[in-house]
Amino acid sequence: IHCRYELISAILHHLGSSQKTSQQSRKMSTPKSTTTTKAPPPFSLLVTLQFQDNDSLQFFLKEIAPVAKHVKENEPDTLAYEVLLSDKDPLRVLVLERYRDKENAYLTVHKSSEPFLNFRPKLAQMQEQGKVTISGHSYSDSMIGFGDRLV
């Protein structure tokens, strides 16, 4: 029994020593952290549009379709761009826009694209004519949760 105890004790001592040696070598070989610039969180817009009639809604859907197509094909830093139709109010639409960042993807790339620049005055004219009421808000991502499983 005494021999077994000495053997187990020697094994445990060896394991403890090798674990300390392994931890020490990891500490020595771990590179010092470098200062990195943290990327800004994704930026989102949720815009609600309430149309006065079905003709105005159909005009909007026709006019925003080329914008959505352009975004999908040419703006890789636009993470989501969806036109959602209310299941309770046939004249209510939600436009969900999600960008990798606000400064570049949204303000620089998206807002300067030709399809957006062609579309925006048409929507403004609809507003001026009382055909649509627009409300919305912008958000920075909390990094809690996820965006889409359909990808």
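## Largest pocket

By class, 14 nonpolar, six polar and seven charged residues make up the lining of the largest pocket. Here Ala, Val, Leu, Ile, Met, Phe, Trp, Tyr, Cys and Pro are nonpolar, Asp, Glu, Lys and Arg are charged, and the others, Gly among them, are polar. The model is predicted: local features need pLDDT of at least 70 and side-chain atom pairs count only at pLDDT 80 or more, while totals for chains, interfaces and linings use all residues. Residues are numbered from 1 along each chain as its sequence is written, and side-chain values use heavy atoms, with hydrogens and water left out.

The volume of the largest pocket is about 710 Å³. Leu-79, Ala-80, Glu-82, Leu-96 and Arg-98 are the closest to its centre among the 27 residues that line the largest pocket. On a 1 Å grid over the protein atoms alone, a pocket is an open set of points with protein on both sides within 12 Å along at least five of seven lines, where a 1.4 Å probe fits, and lining residues have an atom within 4 Å of a point. Points are joined across faces, edges and corners, and the volume is the space filled by probe spheres set on them. Strand 2 supplies the largest share of this lining, five residues. At least two residues of the lining of the largest pocket come from each of strand 1, helix 2 (54–74), strand 2, strand 3 and strand 4 (132–140).

## Second largest pocket

The second largest pocket has a volume of about 270 Å³. Its lining has 16 residues, and those closest to the centre are Val-47, Glu-97, Phe-116, Arg-120 and Leu-123. Twelve residues of this lining are nonpolar, one is polar and three are charged.

Helix 4 gives the most to the lining of the second largest pocket, with four residues. Strand 1, helix 2, strand 3 and helix 4 (114–128) each contribute at least two residues to that lining.

## Overall architecture

The protein contains four helices and four strands, where helices (H or I, at least four residues) and strands (E, at least two) are DSSP runs numbered from the N terminus. Along the sequence these elements follow the pattern α-β-α-β-β-α-α-β.

Of the 151 residues in the protein, 23% are buried; buried means under 20% relative accessible area, exposed over 50% and partly exposed in between, with a 1.4 Å probe and protein chains only. The accessible surface of the protein comes to about 11500 Å², with 56% of that area belonging to carbon and sulfur atoms; areas come from the Shrake-Rupley method with a 1.4 Å probe, and for residues only the protein chains shown count as cover. Among contacts (heavy atoms within 4.5 Å) with a separation of 6 or more, 70% are between residues 24 or more positions apart.

## Strand pairing

Strand 1 (residues 43–51) runs antiparallel to strand 3, with eight bridges joining the two; strands pair if DSSP finds at least two bridges between them. In this pairing, Phe-43 stands opposite Tyr-99 of strand 3, and Val-47 stands opposite Val-95 of strand 3. Strand 1 is also joined to strand 4 by nine bridges, again antiparallel, and there Phe-43 faces Ser-140 of strand 4. Seven of the nine residues of strand 1 are buried, so strand 1 is largely enclosed by the rest of the structure.

Strand 2 (residues 78–85) is antiparallel to strand 3 and is joined to it by seven bridges. Strands 2 and 3 form a hairpin with six residues between them. The bridge partner of Ala-80 in strand 3 is Arg-98. Strand 3 (residues 92–99) has a covered face of Val-93, Val-95, Glu-97 and Tyr-99. Its uncovered face consists of Arg-92, Leu-94, Leu-96 and Arg-98.

## Individual residues

Glu-82 lies in strand 2 and is partly exposed, with a relative accessible area of 34%. Neighbours within four places in sequence aside, Glu-82 is in contact with Leu-94, Val-95, Leu-96 and Asp-148. Glu-82 and Val-95 are 13 residues apart along the chain, and their C-alpha atoms are separated by 5.7 Å.

Met-143 is in the segment after strand 4. Although Met-143 is not a glycine, it has a positive phi of about 70 degrees. Met-143 is exposed, with a relative accessible area of 59%.
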